[in-house]
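Some notes follow on strand pairing, the chain contact and a helix crossing. Please read them beside the structure.

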Amino acid sequence: MTEKISLNQLTKQFGPILAVNNISMSVGSGEVLGFLGPNGAGKSTTMRMITGFIEPTSGSIEVLGMNVAKNPVEVKRSIGYLPEGAPTYGDMTAKSYLNFIAEIRGFKGAEKRRRVDTVINNVNIENIINQPIDTLSKGFKRRVGLAQSLIHDPEILIMDEPTDGLDPNQKYQVRTLIREMSKEKAIIISTHILEEVEAVCSRAVIIAQGRLLADGTPEELLTKASNHNAVVITINNSIASDKLENAIEAIPNVSTIEFLPINNEDKNVSRLRVFPKNSSSIAGTIGELLRSKDIPIHEMFIERGTLDDVFRKITAPEDFSDD
Amino acid sequence: MINITIIAKREFKSYFATPLAYIFLVIFLALTGAFAFYIGRFFSTEQASLQIFFTYHPWLYMMLIPAIAMRLWAEERKTGTIEILMTLPVSTAEAVLGKYFAAWAFSGIALLLTFPIWLSVNWLGNPDNGVIVASYLGSFFMAGAFLAIGSCISALTKNQVIAFIVAATVCFLFTMSGLDMVLDFFRAWAPEIVVQTVASMSFLTHFSAILKGVIDIRDLIYFLSLIAFWLFANVIVIDQKKAS
């Protein structure tokens with residue numbers, strides 16, 4: 001994996017506001033990096049600096065080994081960029097807009113037509129290409145914006161909330177498209193839809209208040225969830241639950257047990273969630289314990305935790321009380 | 001170079017994508033006519049020349065050119081398309097020039113469409129067509145200077161109304177500085193050199209020189225350097241916004 005984008009101690013200050021605070025990281029070819037963070041975390045600002053739209057206050061960015069500040073035009077040639085909200089020239093038709101982008105990207109004649117036709121086909125906008133963009137629905141507008149970023153088949157793709165405003169089918173299409181393209185490109189997408197990260201990203205970073213707070217594969221981030229590897233078991237009420245509780249708590253890696261409410265009409269069972277220490281795997285030991293005591297298990301499953309939970313845990317404002 | 005052409009082409013077409021271009025052309029033609037015939041008493045002077053027609057151009061441009069220029073950058077900022085434009089592989093100067101030339105070409109078309117009045121004087125008498133050609137050229141360059149001011153000011157804001165008002169005011173000052181009303185104020189106390197400098201900054205001084213039929217290279221250089229200065233400032237404004 002070769003490094004395609006690298007950020008070195010990137011900082012951006014807007015007046016008194018520190019939008020991006022000393023972020024360093026790199027993205028390699030074949031990676032789809034998900035930028036996660038609450039609104040105003042600095043995701044868009046970081047993307048705008050990588051694409052050369054705004055200049056960093058300090059720090060530097062290299063794209064394909066070129067410094068963005070020193071070779072802005074060369075860098076822009078290699079990047080496809082979908083800005084937040086997918087702005088387009090609304091008074092143009094989708095076709096003339098894409099032709100304009102293709103021309104500026106240096107394509108002429110048959111090659112231009114081929115490129116434009118390919119992206120039109122890729123994002124499924126064949127039926128609306130002769131309509132002014134202003135008259136299109138939000139989903140189509142966004143896809144025109146997406147097509148614009150793909151026309152030159154860039155090595156680097158930067159997309160600010162690419163699926164915002166799309167319906168579930170369109171989201172699925174766009175995610176499939178991103179996954180298909182990911183093999184030979186370095187892709188950065190920002191999103192606050194966490195399922196999207198699990199669906200398309202090979203790596204995710206969490207940014208809040210301009211700082212990079214977590215960096216890892218979605219799996220690695222999940223281990224930070226408080227209920228990662230927790231075991232939920234459902235057993236008969238007839239079992240003396242306090243004894244069982246004591247037995248489970250005696251298992252070395254178990255931290256706490258929580259009784260869960262039963263929602264359905266079956267009042268004869270109780271359900272408990274067992275939290276492990278340090279997200280370690282405890283399901284096996286608990287299973288053995290229950291079997292050794294001949295306790296019939298109605299149901300038993302391991303929780304993975306959710307990125308939502310991790311996200312909240314990492315970005316909730318009270319976590320910053322220590323700085 | 002090719003990028004400037006591509007941007008200019010797109011920008012030029014966008015004038016005609018909305019009713020803006022047509023409304024502008026109609027109003028421009030109506031006003032040039034109205035000024036020449038009603039205020040300038042074009043017929044009563046009984047002269048086969050277009051001097052009266054051209055005399056009112058600075059005053060018309062003062063209001064109408066900022067209306068063409070106000071959208072150049074303010075609209076891109078408002079709709080966010082500036083983020084597309086400035087992340088395409090073009091330099092800031094190419095983007096500024098492309099947009100500027102589109103607007104200038106558009107104002108040139110408006111000017112060309114006044115040709116019936118030129119036909120009229122030729123039909124009614126024997127005007128000095130050399131003077132008329134020089135005046136058209138002078139008017140075109142003056143429009144270019146007004147436009148460069150408007151383009152630069154449009155880059156300062158995302159609000160087109162603000163862009164219009166500020167540009168119209170700056171254009172007004174550039175025009176007025178040649179009138180006795182302003183110059184007398186300076187003559188009262190300032191040395192002649194200051195008065196001359198203020199007067200030399202005026203569009204009117206240079207434009208009326210051209211209207212006499214003498215294209216002095218210095219008058220053209222004046223307009224061209226003014227265009228260059230404001231477009232250069234335009235590039236700086238856009239680059240500055242990037243860093244702020």
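1. Two residues are taken to be in contact if their C-beta atoms, placed from the backbone, lie within 7 Å. The model is predicted.

2. By that criterion, helix α7(B) meets helix α14(B) through Thr92(B), Ala93(B), Val96(B), Leu97(B) and Tyr100(B).

3. Two packed helices are described by the angle between their axes and the distance between the axes. For α7 (residues 92–112) and α14 (residues 217–243) of chain B, the axes come within 9 Å and cross at roughly 130 degrees. Angles of 65 to 115 degrees count as roughly perpendicular and those over 145 as roughly antiparallel; α7(B) and α14(B) are therefore oblique to each other. The crossing of α7(B) past α14(B) is right-handed.

4. Chain A contains an open sheet of 4 strands, in the order β12-β13-β11-β14, with antiparallel pairing. The edge positions belong to β12 and β14 (297–302) of chain A. Each of these has a single partner strand, so one side of each is left without a neighbour in the sheet. On average, and with direction ignored, neighbouring strands of this sheet are turned by 20 degrees against each other.

5. The pairings can be taken in sheet order. Strand β12 (residues 254–260) of chain A is joined to β13(A) by 6 bridges, and the two run antiparallel. In this pair, Glu258(A) stands opposite Arg273(A) of β13(A). Strand β13 (residues 269–276) of chain A also pairs with β11 (residues 231–236) of chain A, again in the antiparallel sense and over 6 bridges. Between β11(A) and β14(A), which run antiparallel, there are 5 bridges.

6. Which residues stand opposite Ile233(A) in β13(A) and in β14(A)? In β13(A) the residue is Leu272(A). In β14(A) it is Met300(A).

7. What does each chain bring to the contact between chain A and chain B, counted in residues? Chain A gives 22 residues and chain B gives 19 residues. On the side of chain A that touches chain B, α2 (72–78) and α3 (94–104) of chain A each supply at least two residues. The residues on this side of chain A divide into 10 nonpolar, 6 polar and 6 charged.

Note on methods: Residues numbered from 1 in each chain as written. Chains lettered and ligands numbered in written order. Predicted model: local features only at pLDDT ≥ 70, side-chain atom pairs only at ≥ 80, totals over all residues. Pairing = 2+ DSSP bridges. Axes fitted to C-alpha atoms, helices over the stretch in contact; angles between N-to-C directions. Nonpolar A, V, L, I, M, F, W, Y, C, P; charged D, E, K, R; others polar. Parallel < 35°, antiparallel > 145°, perpendicular 65-115°, else oblique. Left-handed = near helix turned anticlockwise from the far one by under 90°.
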